[in-house]
Amino acid sequence: MPAPPTDDEYAAFVHAAWPRLYRTAYLLLGDHGLAEDLVQTALAKTYASWRNVRSLDAAGGYARTVLLNTATSWFRRPSWRRELASDALPGSSYDADPSDRPALLDALRELAPRQRAVIVLRFYEDLSVADTATTLGCSTGTVKSQTSDALARLRALLGDSVIPMGATHD
Amino acid sequence: MTDHDLSDLLHADADRVAVPPAPAAAVLAEGRRLRRRSHVTRAAAVGAGVAGMAAVTALALVLAHPSPTAKAPELAVAVTPDPAGWAVAQGSTVHLGSGKVVDVPGTVKAMYYTSAGVMVRTGRTAYTEGDSTSNYFVLSGDGKVRDFSLSLGDKKPGTDPSLPYLAYSVKGDDSDWELVLRDVRTGEVATRVRYDGAFTWGGWNAPPTALSGDFAYVGVDDATLRINWRTGTVEKAKGLSPSRMPTVMGGNELVEEQPPVTNGKVQDEDAKVTVTDRVLDAESGRLLRSIEVTGTVASTPWPQLSADGRHVLLTPWRMCTEGGDCTYETPYADVVSVTTGDRRPFRIGDGTFGWSPDGRLLLVHDTKVDSCDADTGECVSTPVTLDGTGPLRVSGNDNES
């Protein structure tokens, strides 16, 4: 079994990997508190699975995979859904500053979770349709239709000049 | 603008997102906790591998002393669980299987079966950490509500539908920990059992606890301990890995297997994944049933053990809208008999299922609750009117975190 990293080594990796993973998480979830929870969970799972990770060089890719899978699993967990459906969400430590809320990110938050996930996975993480389908546990046809619907929704929210017709990324 | 531009725009906007500091220490602490949990799934995957055999051998070791603080007299005998002892909560309103409807202060977040009635936890969140507002109430079948007046804090307690006890752990004086069984009928402590063991893996304030028959199970760093609360004997539980949350029900424990990954990648992302969940006899560690579950990494059905430990519900993939309306892509879930391995499909709805204290599948509809025999599919209906507000909670589910 590969030797696990020391606490200092893993802490250094966490600091290095955190910003990119956090941004992905925020795009997926649209909430700072949940994004922080998701990245923390992904990095903790990566640490816990060191038998498979084996080296710090591979840890970044592993953490990204875990983050995407974890986010997807969150979407289907009843308790998470119920909590999101309630008014009792944990408060965010990072309240919105209007100047820090670009229109595209605001529009992303208007999408249903799966549509938002499809956009983030395909246009931010640059996953293929097939990889996106695998990650989300649905068919490639569903990915395509969700992408189309999501882009139409973004187009309605932001205008054709921002999201033109034909931006299907297929 | 092209789709390439959309990607650029997303990256540019994402770069403007305020990123909080990385909580490295918290990640490490959580990682250690999960590492312990993952060990149990790997042990299940390798079956009777060398390491597993060695562990099983070592598990026969009696760890600790019978505690002189364990009290023998006045302890309750187990009774047959009340088939009508279930409950469905919506917000503050709780519909009992007896037909009574009661209200409790606050929103119901979790429910626990006891022989004295359903215990409900109310509070702001489903989880317990950082939330000091959780309160516990006991609802008897006649509709009486008793404030349990207990502030557990961030702990994971355990109950058994055949016993009137709430079991949990607290820091000990002469030992690392004490298992406490509190009688929900009186609020008094019925017995305490001292035990030792480092506990650093979990996020709770004390080792998480399950109660099943004469035994309580607690998860410490190097073992899942099986505590006979009647005699005070503390042993390592056979077959149960260390540092995990015990969820023993009806004497059985469900061990989930995680989808396989190698070198940070799912082995074949386009292929279906088959995992093997296992039901063990928690007292002996004996394998009772292996359940093969097929799906993708993200959509492998989620197994849930019934309140009597005799069935496993395989909940399917579900998706939700922004407004919280959720549906199952395939609204059918298989229920697997631990005894025979037979599977029976049931049509289920979003978060509207649970288990009765005696192990019948509960299916909640707007105007009724069906209590179904998981083997035959025969159901008995109880009328309810779910017209309140707030998310549903159906008893027999584990809403701990």
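**Figure 1. A hairpin in chain B of this predicted model is formed by strand 19 and strand 20 of chain B, with 5 residues between them.** Strands are DSSP runs of E with at least two residues, helices are runs of H or I with at least four residues, and both are numbered from the N terminus. Strand 19 (residues 273-281) and strand 20 (residues 287-295) of chain B run antiparallel and are joined by 8 bridges, where two strands count as paired if DSSP finds at least two bridges between them. Across this pairing, Arg278(B) stands opposite Ser290(B) in strand 20 of chain B. In the turn, Gly285(B) has a positive phi of about 80 degrees. Strands of a sheet pair through backbone hydrogen bonds, either parallel or antiparallel.

This is a predicted model, in which local features need pLDDT of at least 70 and side-chain atom pairs count only at pLDDT 80 or more, while totals for chains, interfaces and linings use all residues. Residues are numbered from 1 along each chain as its sequence is written, chains are lettered from A and ligands numbered from 1 in the order in which they are written, and side-chain values use heavy atoms, with hydrogens and water left out.

**Figure 2. An open sheet of 4 strands in chain B has the order 27-28-29-30, with antiparallel pairing.** The edge strands of chain B are strand 27 (353-355) and strand 30 (379-383), each of which pairs on one side only. From one strand to the next, the twist averages 25 degrees, with axes taken as lines fitted to C-alpha atoms (for helices over the stretch in contact) and angles running from 0 to 180 degrees between N-to-C directions. Strand 29 (residues 368-372) of chain B pairs with strand 30 of chain B in the antiparallel sense over 5 bridges, and Asp370(B) stands opposite Ser381(B) in strand 30 of chain B.

**Figure 3. Tyr10(A), Phe13(A), Tyr47(A) and Trp50(A) form one aromatic cluster.** Rings of Phe, Tyr and Trp (its six-membered ring) pair if their centres lie within 6.5 Å, and planes under 30 degrees apart count as stacked, over 60 as edge-to-face and the rest as tilted. Over all chains, a search of the whole structure finds 9 aromatic pairs. One of these, Tyr10(A) with Trp50(A), is edge-to-face, at 6.0 Å centre to centre and 85 degrees between the planes. This pair links distant parts of the chain, with Tyr10(A) in helix 1 of chain A and Trp50(A) in helix 3 (residues 50-53) of chain A, 40 residues apart. Both Tyr10(A) and Trp50(A) are buried, where buried means under 20% relative accessible area, exposed over 50% and partly exposed in between (1.4 Å probe, protein chains only).

**Figure 4. Aromatic rings of chain B meet another ring in the case of Trp201(B) and Trp204(B), and a charge in the case of Phe215(B).** The ring centres of Trp201(B) and Trp204(B) are 5.9 Å apart and their planes lie at 80 degrees, so the pair is edge-to-face. Trp201(B) and Trp204(B) are both buried. The charged end of Arg226(B) sits over the ring of Phe215(B), 4.4 Å from its centre; such a placement requires NZ of Lys or CZ of Arg within 6 Å of the ring centre and within 35 degrees of the ring normal.

**Figure 5. Helix 8 (residues 129-136) of chain A is mostly covered, with 6 of its 8 residues buried.** The buried residues of helix 8 of chain A are Val129(A), Thr132(A), Ala133(A), Thr134(A), Thr135(A) and Leu136(A). Just after helix 8 of chain A, Gly137(A) takes a positive phi of about 70 degrees. The loop between helix 7 (113-124) and helix 8 of chain A holds Asp126(A), which has a positive phi of about 60 degrees although it is not a glycine. Asp126(A) is partly exposed, with a relative accessible area of 49%.

**Figure 6. Ser243(B) has a positive phi of about 55 degrees although it is not a glycine.** Most residues other than glycine have a negative phi. Ser243(B) is placed in the loop between strand 15 (233-236) and strand 16 (252-255) of chain B, and Ser243(B) is buried, with a relative accessible area of 0%.
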